[in-house]
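Subject: Structure handover

Hello,

Here is the structure I promised to pass on. My notes follow below it.

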Amino acid sequence: MSQTEQEQTPKLQLQQPMQQMTISASTQELAELLDIHLGALRPKEPAWRVADSPISGRGIFASRDIEAGEELFREHTLLVGPTAHRSTNLRTCTLCYRLIPGTTDPEALCPAGCGLPVCLACRDSPRHELECKLFRKWRPLEQNRIEPRALRILSVVRCFFLDEPQRKLLYAMQANADRYYMKEVERAAACFEHFPREQDMLDFFYRTVCAFNTNAFESRSNVDGHEVLVRALYPLAGLLNHQCTPNAAHHFKDGETIVVCATERISKGAEITMSYAKLLWSTLARKMFLGMTKHFMCQCVRCQDPTENGTYLSALFCREQGCRGLVIPVQTRTLQPDWRCLTCENVFPHAKMARYQDFALNTINNRINSCSVQDMIHFINELCPRFCPPSNYVLIEAKLNVIWRMTRFDRDQYTPEEMAHMDRYREEVLAILHKLGAGECTLKKLITEEIP
Ligand SMILES: [Zn+2]
Ligand SMILES: [Zn+2]
Ligand SMILES: [Zn+2]
Ligand SMILES: [Zn+2]
């Protein structure tokens, strides 16, 4: 499971607050539906309870004191399916996520003609039988190629096979309404001769797509050495509200199970939170990401500290002749702050610094995507210091990428010198996590290798 996977930092503008769909269940009913959903995974005496949150909507609260590192719950997904992103291998079984042997699409597709890739072992399973029947009834237009738009809708279509309490749970989840989300259903409809046109059916799909867009987790896991990316709904984990320095973190056990643990001591009554953004992103990067994807502006303590707990993750070099001071954004409540040099105290407009930050981001990301580990180390050590302060989050992400590649792949091919650089990067990242008060977070576990 990779939390350190490189993602492009968003550059878009903040959108209008979204309209929310009506939620049919009371908080008490939701808690009961969640208990049914957890089933055997429900802890005998949960350390938490669901209640209304001062941060937003509903949340999860500690019902007793919780120790750092304690597992709070694990949960099986309510709905899950392939993301079918272009970067993923589509010849992945839609049920067990194993890579299907062979080299061509027709070899991977179900021979019954449902248009879904499914492995030999899963072809006769009752789960595939249901999906197979439904997709065949709709008549997929493409018979020889795996169609990503049809594959992507599978996670949504699976709402058909939910039982009554599961359906109620789906409708009890928060869902932001945006007609744009209907596009996903329309794109899928274009792949079939007889996609359903009944309004109630389309409404059901739409609601599900909205729930996915509001709550889905993208989980990357490793199945038999093959990297799998799924999107999944976890109704309980989805209730955790966001803080930029949260007290809980999650990881995935396989494509279909999420595990949530406390990252620090949590007192009875406190709200349990997780971060929707990357821990090591700068405040501006987090704000833009949260605004774009989750439609809110975070006001947590970390978001209001221009030094970012002394990590200076946003810092860039001063543009004034002869000054190499650090420049940081000074206002914290806007997406277009003024920036000020800590040395010469000159003030720079946001537009200028944003261009500079984008330049650093693009330069470093291009290298990450194209360079060997050896070239990356050279680039980080020799070239980056000329244009990017060592505390800048983009450079930290580059170091994480090196750690990730060196610990996960071909370990023995590196020289002791290269290993020493990696150890130094690791110490730097751990020091930043410590300053942020990130506790026993998933990222710390990943780079100290507690998660295989
Ligand atoms: Zn399979
Ligand atoms: Zn089939
Ligand atoms: Zn925040
Ligand atoms: Zn300066």
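Start with helix 8. Its buried residues are Phe205, Tyr206, Thr208, Val209, Cys210, Ala211, Phe212, Thr214 and Asn215. They pack against several elements: helix 5 (154-157), helix 6 (164-172), strand 6 (176-177), helix 7 (182-189) and strand 8 (226-233). The helix runs over residues 199-215. At 1.5 Å a residue, its 17 residues should span 24 Å, and the end C-alpha atoms are 24 Å apart, so the two agree.

Please keep in mind that this is a predicted model.

**Confidence**

The mean pLDDT of the protein chain is 89. A value of 70 or more is reached by 95% of the residues. Residues 1-17 are another matter, with pLDDT below 50. This stretch still has 37 contacts in the model beyond near neighbours in sequence. Where pLDDT is low, the predicted coordinates should not be read in detail.

**The whole chain**

The protein chain has 452 residues. It holds 14 helices and 16 strands. Along the principal axes, the C-alpha trace spans about 70 × 50 × 40 Å. How does the radius of gyration compare with that of a compact globule? A globule with 452 residues would have a value near 22 Å; the chain has 23 Å, which agrees.

Buried residues make up 38% of the chain. Take the contacts with a separation of 6 or more: 68% of them join residues 24 or more positions apart.

The domain assignment gives three entries:

- Domain 1 covers 19-77 + 234-294.
- Domain 2 covers 79-232.
- Domain 3 covers 310-436.

The centres of domain 2 and domain 3, taken over C-alpha atoms, are separated by 39 Å.

**Helix 3**

Helix 3 takes in residues 126-138, 13 residues in total. From first C-alpha to last it reaches 19 Å, close to the 18 Å expected at 1.5 Å a residue. Which of its residues are buried? They are His128, Glu131, Cys132 and Phe135. These residues cover an arc of only 105° around the axis, and therefore sit on the same side of helix 3. On the other side, Pro126, Lys133 and Lys137 are exposed. Arg139 follows the helix, and its phi is positive, near 55°.

Leu72 is found in strand 4 (residues 71-76). Is it buried or exposed? Leu72 has 22 other C-beta atoms within 10 Å, so it is buried. Leave aside its neighbours within four places in sequence, and Leu72 is in contact with Ala47, Trp48, Ala248, Val260, Cys261, Ala262 and Ile272. Gln374 is 302 residues from Leu72 in sequence. In space the two are 40 Å apart, C-alpha to C-alpha.

Arg149 lies in helix 4 (residues 148-152). Arg149 has 15 other C-beta atoms within 10 Å, so it is partly exposed. Not counting residues up to four places away in sequence, Arg149 touches Arg187, Ala188 and Cys191. Ala249 is 100 residues from Arg149 along the chain, and their C-alpha atoms are separated by 32 Å.

Tyr97 is in the loop between strand 5 (79-82) and helix 2 (105-108). Tyr97 is not a glycine, yet its phi is positive, about 65°. It has 23 C-beta neighbours inside 10 Å, so it counts as buried.

Glu345 is in the loop between strand 15 (339-341) and strand 16 (347-348). Glu345 is not a glycine either, and has a positive phi of about 65°. With 11 C-beta neighbours inside 10 Å, Glu345 counts as exposed.

Cys344 is also placed in the loop between strand 15 and strand 16. Its 14 C-beta neighbours inside 10 Å make Cys344 partly exposed. Which residues does Cys344 contact, leaving aside neighbours within four places in sequence? They are Cys318, Glu320, Cys323 and Gly325. Leu313 is 31 residues from Cys344 in sequence and 20 Å away in space, C-alpha to C-alpha.

Best wishes

Notes:
Residues are numbered from 1 along each chain as its sequence is written. Chains are lettered from A and ligands numbered from 1 in the order in which they are written. This is a predicted model: local features need pLDDT of at least 70, side-chain atom pairs count only at pLDDT 80 or more; totals for chains, interfaces and linings use all residues. Helices (H or I, at least four residues) and strands (E, at least two) are DSSP runs, numbered from the N terminus. The expected span of a helix is 1.5 Å times one less than its number of residues. A residue is buried if 20 or more other C-beta atoms lie within 10 Å of its own, exposed if 12 or fewer, and partly exposed in between; C-beta atoms are placed from the backbone. Two residues are in contact if their C-beta atoms, placed from the backbone, lie within 7 Å. The arc is that of the directions from the helix axis to the C-beta atoms. Domain bounds come from an automatic or database domain assignment. pLDDT is the predictor's confidence in each residue, from 0 to 100. The radius of gyration is taken over C-alpha atoms; the globule rule is 2.2 Å times the number of residues to the power 0.38.
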